[in-house]
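The following note sets out points for a colleague who is reading the model alongside its sequence. Please consult both while going through the numbered paragraphs.

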2 protein chains.
Amino acid sequence: MSNILEDGKDPFVPNYLLYLLAAASEAASARFHGHVRTRGLRAPEWRVLACLTDTDGSMVTELARYAMIEQSRLTKIIIQMDARGLVKRRSDPKDGRRVRVFLTAKGRSLAEELVADAKRHELDLLTSFKSRNGAEIKDTLRALIQHLESDHPDHLGQNAEKANS
Amino acid sequence: MSNILEDGKDPFVPNYLLYLLAAASEAASARFHGHVRTRGLRAPEWRVLACLTDTDGSMVTELARYAMIEQSRLTKIIIQMDARGLVKRRSDPKDGRRVRVFLTAKGRSLAEELVADAKRHELDLLTSFKSRNGAEIKDTLRALIQHLESDHPDHLGQNAEKANS
DNA sequence: TCAAGAAACATGAATTTTCATATATTTGTT
DNA sequence: AACAAATATATGAAAATTCATGTTTCTTGA
């Protein structure tokens, strides 16, 4: 009967889509990020490794988009990971502006181990989450992302380019 | 034909549930956070205001949970918002350890304005996202969160308490 | 071919965030 | 009542992040 909510009116936050999405993301990731930590990585570094298992040798800007990390931040993360021997950076011979990022042997083995863990964890999650089946929630999210990225007008009337934060 | 993906094997990241959740959350929030910025707030501050419209006068720890912000971080954010005249802090007369956080008139009017904007934006989103209906995606997310918070064992075998990052 | 513009990264200063721990207050126990 | 433990918040130093902008290298087209 006595939670922190006010009065009679029903609460805004717990029913707000953007909150639900953020909360779902956090809740789903919490455990696995804990596991990642035990392997000496923070979430952004794990994301970089995971992305590189898909796109080894991609340039910084591509990697930034793929890993959802802002470019200058990614640059700094990559420099650190390079120092730790997880990745190496080589400038692209065809285009000197580009820096291509590769997994080292060490980086790759850690990445592959964690990707395997992630797949098991995901399977645990999806199979134990039975109220919908896994494929369906994923399809829903994919459709939502695609929908969101295709730049629909809305009453906020913001420039699409400025909506990057 | 030539994207950044490797070879034949299908990519891990774009099909990984935790990535989809994070990407969906980011994509859904990007625009609105841009709008929030135009009102002089960053996302965490907006979250605090929104939460206080539900739970005005709650203590710091409660607010931290509700807004999904780590306690010591929230303390600092609240101190700034106090200085800006958006909230005020009063220690609880019944329990001197507690600090209760209240909206000021200024904070409340900004909060209410943004909550109204948020509701319109959410409606835009849900109505323009027709491949599922809004209620359904929300129900799915709610069920997922609840499922995740109810601490199922998994192969990672981590302590539930250490899974807070 | 040259200059203007664009693209890709890097950098630095200001600000935030994190993490561990300090401080203050209350609760529970004997 | 007194002390240990628990709870709530604050704090400080290290680290990470942001934002604007610098530097280098390519591209384009006059």
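**Notes on the predicted model**

1. Leaving aside residues up to four places away in sequence, A:Val60 touches A:Gln71, A:Leu74, A:Thr75, A:Ile78, A:Val99 and A:Val101; two residues are in contact if their C-beta atoms, placed from the backbone, lie within 7 Å. A:Val60 belongs to helix H3 of chain A. Helices (H or I, at least four residues) and strands (E, at least two) are DSSP runs, numbered from the N terminus. The C-alpha atoms of A:Val60 and A:Val99 are 6.1 Å apart, although 39 residues separate the two along the chain. A:Val60 counts as partly exposed because it has 19 C-beta neighbours inside 10 Å. On this scale a residue is buried if 20 or more other C-beta atoms lie within 10 Å of its own, exposed if 12 or fewer, and partly exposed in between, with C-beta atoms placed from the backbone.

2. The model is predicted: local features need pLDDT of at least 70, side-chain atom pairs count only at pLDDT 80 or more, and totals for chains, interfaces and linings use all residues. Residues are numbered from 1 along each chain as its sequence is written, while chains are lettered from A and ligands numbered from 1 in the order in which they are written.

3. Chain A contains six helices and two strands, arranged along the sequence as α-α-α-α-β-β-α-α. Of its 165 residues, 33% count as buried. Among contacts in chain A with a separation of 6 or more, 44% come from residues 24 or more positions apart.

4. How do helix H2 (residues 43-55) of chain A and H3(A) cross, and at what angle? Their axes come within 10 Å and cross at roughly 115°; axes are lines fitted to C-alpha atoms, for helices over the stretch in contact, and angles run from 0 to 180 degrees between N-to-C directions. H2(A) and H3(A) are therefore roughly perpendicular to each other. Angles under 35 degrees count as roughly parallel, over 145 as roughly antiparallel, 65 to 115 as roughly perpendicular and the rest as oblique. The crossing of H2(A) past H3(A) is right-handed; a crossing is left-handed if the near helix is turned anticlockwise from the far one by less than a right angle, and right-handed if clockwise. A:Arg47, A:Val48, A:Cys51 and A:Thr55 of H2(A) meet A:Glu62, A:Leu63, A:Tyr66 and A:Ala67 of H3(A). By class, this contact has five nonpolar, one polar and two charged residues. Here Ala, Val, Leu, Ile, Met, Phe, Trp, Tyr, Cys and Pro count as nonpolar, Asp, Glu, Lys and Arg as charged, and the others, Gly among them, as polar.

5. In chain A, the axes of helix H1 (residues 17-38) and helix H5 (residues 105-128) come within 11 Å and cross at roughly 150°. H1(A) is therefore roughly antiparallel to H5(A). The crossing is right-handed. A:Ala28, A:Phe32, A:His35 and A:Val36 of H1(A) form the contact with A:Leu114, A:Asp117, A:Ala118, A:His121 and A:Leu125 of H5(A). These residues divide into six nonpolar, two polar and one charged.

6. In chain B, helix H1 (residues 17-38) and helix H5 (residues 105-128) pack at an angle of about 150°, with axes 11 Å apart. H1(B) is therefore roughly antiparallel to H5(B). H1(B) passes H5(B) in a right-handed crossing. From H1(B), B:Ala28, B:Phe32, B:His35 and B:Val36 meet B:Leu114, B:Asp117, B:Ala118, B:His121 and B:Leu125 in H5(B). The contact has six nonpolar, two polar and one charged residues.

7. Helix H5 of chain B also holds B:Glu112. B:Glu112 is partly exposed because 13 other C-beta atoms lie within 10 Å. B:Glu112 and B:Glu62 are 50 residues apart in sequence, and their C-alpha atoms are 21 Å apart in space.

8. Which residues come closest to DNA strand C? Of the 20 residues surrounding DNA strand C, the closest are A:Met59, A:Thr61, A:Ser72, A:Thr75 and B:Gly96; a residue is near a strand if its C-beta atom, placed from the backbone, lies within 6 Å of it. Two or more residues each are given to this surface by helix H3 (60-67), H4 and E2 of chain A and by H4 of chain B. The surface near DNA strand C comprises five nonpolar, seven polar and eight charged residues.

9. DNA strand D has 20 residues around it, of which A:Gly96, B:Met59, B:Thr61, B:Ser72 and B:Thr75 come nearest. The elements giving two or more residues to this surface are helix H4 (71-83) and strand E2 (95-103) of chain A, with helix H3 (60-67) and helix H4 (71-83) of chain B. The residues near DNA strand D divide into five nonpolar, seven polar and eight charged.
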